[in-house]
Amino acid sequence: MVEFSSEIIILEVINRLGACFFEAIFLSDMVGGIPLGATPGKLILGICVVYATKITAVENRPRETVLVYPATHLSFPVAFARSALKNALITIIFPMCLFTVFFQFNRTTYDLICNVIVVEMNPNERRRF
């Protein structure tokens with residue numbers, strides 16, 4: 001019985017690492033040198049993930065409008081760290097991950113740790129895909 005459980009755990013760890021690697025490739029600029037900043041699902045929804053050290057709300061605009069600096073694409077290590085933290089939070093402390101979206105600008109814990117934010121894509125960028 002214990003041997004069967006340990007094999008499943010090993011397969012689950014391999015599965016999670018594969019998912020992290022897949023997500024990191026799409027979030028970084030490793031897909032043919034084209035910086036996507038988004039997984040296929042994010043592309044369909046018109047959102048992407050960008051690196052942001054400073055986020056400022058714009059006054060006299062809707063609540064969701066912010067200025068993001070430097071708003072660059074993610075490097076592979078940052079994208080992999082974000083993916084790994086996200087998978088760890090969802091896997092290990094699943095009930096608590098529901099409370100991680102109550103930070104300013106609807107950022108999650110793993111986004112805050114990795115200095116990234118999920119933003120809407122520019123409509124001109126969306127047409128390329």
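Aromatic rings of Phe, Tyr and Trp are taken as a pair if their centres lie within 6.5 Å. In this predicted model, that rule gives a count of 3 aromatic pairs.

**View 1. The tilted ring pair of Phe22 and Phe26**. The two rings are 4.8 Å apart, centre to centre, with 55° between their planes. Both phenylalanines belong to helix α1, where a spacing of 4 residues places them about one turn of the helix apart. Phe22 counts as partly exposed because its relative accessibility is 45%. Phe26, by contrast, has a relative accessibility of 19% and therefore counts as buried, the limit being under 20%.

**View 2. A cluster of Phe21, Phe76 and Phe80**. These three residues are linked to one another through ring pairs.

**View 3. The largest nonpolar core**. Its 8 residues are Ala38, Cys48, Val50, Ala52, Ile55, Ile117, Val119 and Met121. Strands β1 (47-57) and β3 (116-120) each contribute at least two residues to this core, and β1 gives the most, with 4 residues. A second, separate core has 7 residues, among them Leu74, Ala79, Cys114 and Val116.

**View 4. Surroundings of Val50**. Leaving aside residues up to four places away in sequence, Val50 touches Val68, Ala71, Thr72, Leu74, Asn115, Val116, Ile117 and Val119.

**View 5. A nonpolar surface patch of Ile9, Val13 and Leu17**. Together these side chains present about 280 Å² of accessible area. Ile9 is located in helix α1 (residues 2-27), and its relative accessibility of 55% is why Ile9 counts as exposed.

Terms used
Residues are numbered from 1 along each chain as its sequence is written. This is a predicted model: local features need pLDDT of at least 70, side-chain atom pairs count only at pLDDT 80 or more; totals for chains, interfaces and linings use all residues. Side-chain values use heavy atoms; hydrogens and water are left out. A nonpolar core is a set of buried Ala, Val, Leu, Ile, Met, Phe, Trp, Tyr and Cys residues joined through side-chain atoms within 4.5 Å. Buried means under 20% relative accessible area, exposed over 50%, partly exposed in between (1.4 Å probe, protein chains only). Contact means heavy atoms within 4.5 Å. Patches are made of residues with over 30% relative accessible area and no salt bridge: like charges are joined within 9 Å, nonpolar side chains (Val, Leu, Ile, Met, Phe, Trp, Tyr) within 5 Å. Accessible areas come from the Shrake-Rupley method with a 1.4 Å probe; for residues, only the protein chains shown count as cover. A salt bridge is a side-chain nitrogen of Lys or Arg within 4 Å of a carboxyl oxygen of Asp or Glu. Rings of Phe, Tyr and Trp (its six-membered ring) pair if their centres lie within 6.5 Å; planes under 30 degrees apart count as stacked, over 60 as edge-to-face and the rest as tilted.
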